[in-house]
Amino acid sequence: MAQQINVAVAGLTHGHVGGLIDSWKKVPDATLVAVADKTRLLDSIDGFKTKYKDWREMLDKEQIDALVVTSDNLESSEIAVEALSRGIGCMVEKPMAAQAKDADRMLEAWKKGGATLMINWPVAWSGWIEEFKKRVDEGEIGHPFFFRFRNGHGGPKEIGCGPEFVEWLYDEEKNGGGAIGDFCSYGAVVARHLFGMPENVYCVRGNYTKDYEVSDDHALCLLKYPKAAAELEGTWATAASDTGPMAVIHGSTGTLAAWWDHCELSAKGGRTEFQAAKPTHTPATYFLECMQAGKTPEGILNPEIAADACRILDAAIASSRSACAVKP
């Protein structure tokens, strides 16, 4: 007989929470035992046995095997540290934490407590990242010397995100920046997975298009490696998407490009289009497999890789505040 898994959710203000809840609803042996949130969103959520306004009370009263953590990026790290210290496995929605210091606290709690910790990135469930890594590692494009990643939209308010989500996305302390925290984080974790940690990080960011206050609606980060570079662009300012690929790796003998799972390899012999195979798991089934097997999540779902992405963004934000002026 399969073991029943008690699943709870801490925080409903992250806009990705609905997809994660749906993922768990499809797991036959999972029971949604409780949900906690301090906003009005708690009133409209269904499918849970018990509701709480305080996540601490929920942790005290419920028997929880797996906790989905989907509050703002600052509170999510606090929730995860507490849950992990109690031996509760945590699926934390990206980007892990608002700052690297909080990610480090999560890593410490994870290593000390031994429960599963997975950082969920929606882009992980597209196949192009691992397809690119496989081809790069096999030398298919020679020496990879430049990676470019671009992601974003016209802005949380502009695309209709809920007010509870918008409130903390526009708060630099809770989010870890503006568009840089929201979208450059994706590029940072992919760059870390593909190429390791950079030697230096540079950044330009600002509020270029909004008539209201926000730390940045567009950010450009440049990562310097010993013999390579990466350019990460995150935007809340693009009213319409361009037709270019979201990710490109240039190598000494070829180029890989991805429009999500539609990919292209350009080399001396010509151009080949292919579809990257999607992962067979969902966020819930993969987390459950890791939890039951006692294994650490792999790829960009690995908490140590996600923590390094936080370090990259911390360095980028620091760089953006100390840029050298050009002398006339």
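1. The structure is a predicted model, in which local features need pLDDT of at least 70 and side-chain atom pairs count only at pLDDT 80 or more, while totals for chains, interfaces and linings use all residues. Residues are numbered from 1 along each chain as its sequence is written, and side-chain values use heavy atoms, with hydrogens and water left out.

2. His262 belongs to strand 13, which spans residues 262-267 (strands are DSSP runs of E of at least two residues, helices runs of H or I of at least four, both numbered from the N terminus). With a relative accessible area of 29%, His262 is partly exposed, the class between buried, under 20%, and exposed, over 50%, for a 1.4 Å probe and protein chains only.

3. Beyond its neighbours within four places in sequence, His262 is in contact (heavy atoms within 4.5 Å) with Ala257, Glu273, Phe274 and Gln275. The C-alpha atoms of His262 and Ala191, 71 residues apart along the chain, are separated by 19 Å.

4. The residues that line the largest pocket divide into eight nonpolar, five polar and seven charged, where Ala, Val, Leu, Ile, Met, Phe, Trp, Tyr, Cys and Pro count as nonpolar, Asp, Glu, Lys and Arg as charged, and the others, Gly among them, as polar. Helix 6 gives the most to this lining, with four residues.
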